[in-house]
Amino acid sequence: MQHALNEAEAALGEGEVPVGAVVVLDGEIIGRGRNRTEQKGSPFEHAELVALEEAVRKRDRWVLAESSLYVTVEPCVMCVGALLLARVPRVVFGSREPKTGACESVFGIPNEPGLDHRMVVIGGVEAEHSKELLQEFFRTKRNRNTSK
């Protein structure tokens, strides 16, 4: 999770919402990502998708069935969908996302009975650190908006 937090801190430094993710296979990081939605001008540049894309390129295979994803914030619906399609069996996340969390906060997509694939989801790992990064980002953003 520390590597995902490092990615989130880098995103914060770039003015992005501080979310970081890594894909791990056999103890090795095969994909890294951080939010790049502002930089790329695209809603598809979430940390999880960036990390999954790198992992798929490195493995030259779209199925990541033996891997784990570590991400600093609970994934949204789009990211959970990508994780399910890539057959990622395990997701570990930091802070819960009460507005868009699709693992357990708003939705429980990974455990929907109609799905063919299941994911083990572990939440709350390094949650305080993840939450602090998010709070710092939004506090800074509010301060910029009030000083205009």
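## Lining of the largest pocket

By class, eight nonpolar, five polar and six charged residues make up the lining of the largest pocket. The structure is a predicted model. In this model the lining of the largest pocket comprises 19 residues. Those that lie nearest the centre of the pocket are Val-17, Val-73, Glu-97, Thr-100 and Leu-134.

The space in the largest pocket comes to about 570 Å³. Helix 5, which covers residues 127-146, gives the most to the lining, with three residues.

## Helix 1 against helix 5

Helix 5 also packs with helix 1 (residues 2-13), at an angle of about 5° and with the two axes 11 Å apart. Angles under 35 degrees count as roughly parallel, so helix 1 is roughly parallel to helix 5.

On the helix 1 side, the residues in this contact are Leu-5, Ala-8, Glu-9 and Leu-12. They meet His-129, Ser-130, Leu-133, Glu-136 and Phe-137 of helix 5. By class, the contact of helix 1 with helix 5 has five nonpolar, two polar and two charged residues.

## Helix 3 against helix 4

By class, the contact of helix 3 with helix 4 has six nonpolar residues, one charged residue and no polar ones.

Conventions:
Residues numbered from 1 in each chain as written. Predicted model: local features only at pLDDT ≥ 70, side-chain atom pairs only at ≥ 80, totals over all residues. Heavy atoms only, no water. 1 Å grid on protein atoms, 1.4 Å probe; cavity = no way out; pocket = protein on both sides within 12 Å on 5 of 7 lines; lining within 4 Å. Points joined across faces, edges and corners; volume = space filled by probe spheres on them. Helix = DSSP H or I, 4+ residues; strand = E, 2+ residues; numbered from the N terminus. Nonpolar A, V, L, I, M, F, W, Y, C, P; charged D, E, K, R; others polar. Axes fitted to C-alpha atoms, helices over the stretch in contact; angles between N-to-C directions. Parallel < 35°, antiparallel > 145°, perpendicular 65-115°, else oblique. Contact = heavy atoms within 4.5 Å.
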